[in-house]
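I opened this notebook to record what I looked up in the structure, one entry at a time. The sequence and the structure come before the entries.

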Amino acid sequence: MALHHREAAPVTQVEIDLTINGENHQLVVDTRISLLDLLRERLGLTGAKKGCDHGQCGACTVLLDGRRANACLALAVAHDGSEVTTIEGLATGDQLHPLQEAFIEHDAFQCGYCTPGQICSAAGFIDELDEAVDGPLSDDLIRERMSGNICRCGAYPNIVSAIREVASARSGAAERVGGAA
Amino acid sequence: MKPFRFERPENAEGAVATLTASGAEHARYLGGGTNLVDLMRLGVETPDLLVDVARLGHDAVRETDGGGLRVGAAVRNSDLARDPLLRTRYPMVSQALLSGASPQLRNLATIGGNLLQRTRCAYFTDTSLDCNKRDPGSGCGALDGEHRNHAILGHSAACIATHPSDLAVALTAVGAEVLVEGAAGERHIPMPGLHRLPGDAPERDTVLDPGDLIVAIQLPPLEAARRSSYRKVRDRASFSFAVVSVAAALQCDEDGTIRDVRIALGGVAHAPWRAERAEEELRGGPATAERFAAAAAAELDQARPLEQNAFKVPLARNLIVTVLADLAGVAA
């Protein structure tokens, strides 16, 4: 019978292991699923947003192994074994992350859709900062290095001031440590 | 998106064997995925099999004998851009990397993948339109359509698309070599030389054969590259592809005579464009703004602009002069 000659369907379900916001997850996933869809549709972590789904708007930005990345273009299967931090994992209990505090303080959003991506991206930016490569912290530098995050409400001036506050507190602290050494 | 199998081999030989032996009609290597995954979502790429090459251990930048660098193909764009040796010896390469995409994309994107990214021509990325690169023989929609940001050099009646990589432009100025693992073993491909002009086969971006895997990029020692820079003109200040870009390196003797000069253009052709005519004009003579202008004019004399992009000719000419004048410390 013809049925006996049918080839086995290709294996397109794969088991992966991810640590998300400190919690280990063993998952069987379709090879096609993006990290973003996995977070939102399978794990109920809807903080990371789907804007363009093409890597152009940054609303899906998460920290992947500690570095900011577009979750929409990351295939989950390609990041087996990785650590992911989403906006849901930035705070420590009820203690907001300094960037979350600063975004509230500076009114750095209007509709809020891009905000989780903005904050995760800003966390990555501050972590990457290296004066030897980037020069001194400036609003121009913040704008350049945050260009992967689009805000349709145009809250940019307040986003820049929120990030400047946290980044300069960080580099100020680094200088004090350096001065004492 | 079409279902596909996913394989993660142990090493480069395994990756080549997996891809070539798969029998898959459309198999692709996966680096960072920032271009490929997008093209799969758009239906431009429809692989049956992805072979992950981001974790084969090709993730180091190391110094070579004589003061060059060997960069593993899976090094992320952001990591190479920040490498201290690269920044000292080849500043234009670091600047080119930092001018491309956004920081979160640069954290995913790999060096090998960057060189093999596809054109952003809107007729290529939209499957409802005619494109000889995507669908050979269907025609070039851009030729009689929107082509403001298309090629002015080396294009053909079949394709007027440009190559989008900034890194490739800087590596072309350096004269880097691409190390490729293929079915017949390892070989070296010089740049320029990796990317093709379209001719009548625009579906082929490069000289690579099916199954060929880029494992590393080798940057030769190049004194001139220590004084080099990358300038990119684009439609907005950041996170945009080049309209025209220039990578240039300049080395002068104490009396101001040009000993070595390297110039490559981006955004103007199907491949990064090494400005050999301009380089020849300049070598051995003084580094003056007048000579820079004459050399740039000689290079752009070959340009064949299209109806909507004639502005790129003076733009490229002026950009060459500005970059060289900055490097020489003279007024443009």
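**Entry 1. Bridge partners in strand β10 of chain B.**
I looked up B:S229 and found that its bridge partner in β10(B) is B:A248. I then turned to B:Y230, whose bridge partner in β10(B) is B:A247. I note here that the model is a predicted one.

**Entry 2. The pairing of β9 and β10.**
I next asked how many bridges join strand β9 of chain B to β10(B). I found six, with β9 (residues 228–233) and β10(B) running antiparallel. For background, I note that strands of a sheet pair through backbone hydrogen bonds, either parallel or antiparallel.

**Entry 3. The other partner of β10.**
I followed β10(B) to strand β11 of chain B, residues 258–266, and counted eight bridges between them. These two strands also run antiparallel. β10(B) and β11(B) form a hairpin, and five residues lie between them. In the turn I noted B:G256, which has a positive phi of about 90°.

**Entry 4. Burial of β10.**
I asked how many of the nine residues of β10 in chain B are buried. The answer is seven, so by this count strand β10 (residues 244–252) is mostly covered.

**Entry 5. The whole sheet.**
I traced the strand order in chain B as β9-β10-β11-β12, an open sheet of four strands with antiparallel pairing. I then identified the edge strands as β9 and β12 (273–274) of chain B, since each pairs on one side only.

**Entry 6. Helices on the sheet.**
I looked up which strands helix α9 of chain B touches. Helix α9 (residues 166–174) packs on the sheet and touches β9, β10, β11 and β12 of chain B. I recorded an angle of about 155° between the direction of α9 and that of β11(B). Helix α12 of chain B, residues 312–328, packs on the sheet as well, touching β9, β10 and β11 of chain B. The direction of α12 makes about 30° with that of β10(B).

**Entry 7. Chain A.**
Along the sequence I read their pattern as β-β-α-β-β-β-α-α-α-α-α. Of the 181 residues in chain A, 38% are buried. Among the contacts in chain A with a separation of 6 or more, 60% are between residues 24 or more positions apart.

Definitions and conventions:
Residues are numbered from 1 along each chain as its sequence is written. Chains are lettered from A and ligands numbered from 1 in the order in which they are written. This is a predicted model: local features need pLDDT of at least 70, side-chain atom pairs count only at pLDDT 80 or more; totals for chains, interfaces and linings use all residues. A residue is buried if 20 or more other C-beta atoms lie within 10 Å of its own, exposed if 12 or fewer, and partly exposed in between; C-beta atoms are placed from the backbone. Two residues are in contact if their C-beta atoms, placed from the backbone, lie within 7 Å. Two strands pair if DSSP finds at least two bridges between them. Axes are lines fitted to C-alpha atoms, for helices over the stretch in contact, and angles run from 0 to 180 degrees between N-to-C directions.
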